[in-house]
Amino acid sequence: IELLEVLIEDYDRRLINSKFDDLNPVELLKSMLKEAGLSQNKLAKEIGVSRQLISDILHYRRNISKEVNIKLSKYFSMSQEAFGRKYELKILKRQA
């Protein structure tokens, strides 16, 4: 029975991860927030980071650090690779 439980959990984890393979980490995070019905503020509190950090990530102003990657992966029960893929940040033009 324990082996069956492990196999089912592994299957579920693979199914969830493959469902989001085509999304970059930011779009994946947005999707996970929407699916879980979570606000940015609630997620920030749950994983122990600032609201501003989550906002910056969701608006492509900051990359997901290794520490945040680990926290997101644990919180959403996903592999670290899902949130560790590279993506482009938006470059803000500074006004003089």
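Predicted model: local features only at pLDDT ≥ 70, side-chain atom pairs only at ≥ 80, totals over all residues.

Me: How many helices and how many strands does the protein chain have?
Reply: Read along the sequence, the protein chain follows the pattern α-α-α-α-α-α. Its secondary structure accordingly comes to 6 helices and 0 strands.

Me: In which helix is confidence lowest, and in which is it highest?
Reply: The mean pLDDT of the protein chain is 87, and 84% of its residues reach 70 or more. Confidence is lowest in helix α1, residues 2–19, at a mean of 74. The highest value, 97, belongs to α3.

Me: What percentage of the residues in the protein chain is buried?
Reply: Burial here means a relative accessible area under 20%. Of the 96 residues in the protein chain, the buried ones make up 31%.

Me: Which element gives the largest share of the largest nonpolar core?
Reply: This core has 23 residues, of which Leu29, Leu43, Ile57, Leu72, Phe76 and Phe83 touch the most other members. Two or more residues are given by each of α2 (25–36), α3 (40–47), α4 (51–58), α5 and α6. The largest share, 5 residues, comes from α2.

Me: Which residues does leucine 72 contact, leaving aside its neighbours within four places in sequence?
Reply: Leucine 72 is among the core residues that touch the most other members, and it is one of the buried residues of α5. Leaving aside neighbours within four places in sequence, its contacts are Leu29, Leu43, Ile47, Ile64 and Phe83.

Me: Do the buried residues of α5 lie on the same side or on opposite sides of the helix, and what arc do they cover?
Reply: The buried residues of α5 are Val68, Asn69, Leu72, Ser73 and Phe76. They are on the same side of α5 because they cover an arc around the axis of only 135°.

Me: Which exposed residues does the face of α5 turned away from its buried side carry?
Reply: The buried residues of α5 pack against α2, α3, α4 and α6. The face turned away from that buried side carries the exposed residues Lys66, Glu67 and Lys74.

Me: Are α3 and α5 roughly parallel or roughly perpendicular?
Reply: The two helices pack with their axes 10 Å apart, at an angle of about 100°. Angles from 65 to 115 degrees count as roughly perpendicular, so α3 is to α5 roughly perpendicular.

Me: Which residues of α3 and of α5 make the contact?
Reply: The packing of α3 and α5 is at an angle of about 100°. From α3, the contact is made by Leu43, Glu46 and Ile47. From α5, it is made by Lys71, Leu72, Tyr75 and Phe76.

Me: Within what arc do the buried residues of α3 fall?
Reply: The buried residues of α3 are Leu43, Ala44 and Ile47. These line one face of the helix, because seen down its axis they fall within an arc of 100°. They pack against α2, α4 and α5.

Me: Is serine 73 buried or exposed?
Reply: Serine 73 is placed in helix α5. Not counting residues up to four places away in sequence, it touches Met78, Ser79, Gln80 and Phe83. Its relative accessibility is 4%, so serine 73 counts as buried.

Me: What is the relative accessible area of serine 79?
Reply: Serine 79 is in the loop between α5 (66–76) and α6 (80–84). Its C-alpha atom is separated by 9.3 Å from that of asparagine 69, 10 residues apart along the chain. Serine 79 is partly exposed, because its relative accessible area is 23%.

Me: What is the phi of serine 77?
Reply: Most residues other than glycine have a negative phi. Serine 77 is found in the loop between α5 and α6, just after α5. Its phi is positive although the residue is other than glycine, at a value near 55°.

Me: Is tyrosine 60 buried or exposed?
Reply: Tyrosine 60 is in the loop between α4 and α5. It has a positive phi of about 60° although it is not a glycine. At 10% relative accessibility, tyrosine 60 counts as buried.

How values were computed: Residues numbered from 1 in each chain as written. Heavy atoms only, no water. Helix = DSSP H or I, 4+ residues; strand = E, 2+ residues; numbered from the N terminus. Buried < 20%, exposed > 50% of the residue type's maximum accessible area, 1.4 Å probe, protein only. Core = buried A, V, L, I, M, F, W, Y, C linked by side-chain atoms within 4.5 Å. Contact = heavy atoms within 4.5 Å. pLDDT = per-residue confidence, 0-100. Arc of directions from axis to C-beta. Axes fitted to C-alpha atoms, helices over the stretch in contact; angles between N-to-C directions. Parallel < 35°, antiparallel > 145°, perpendicular 65-115°, else oblique.
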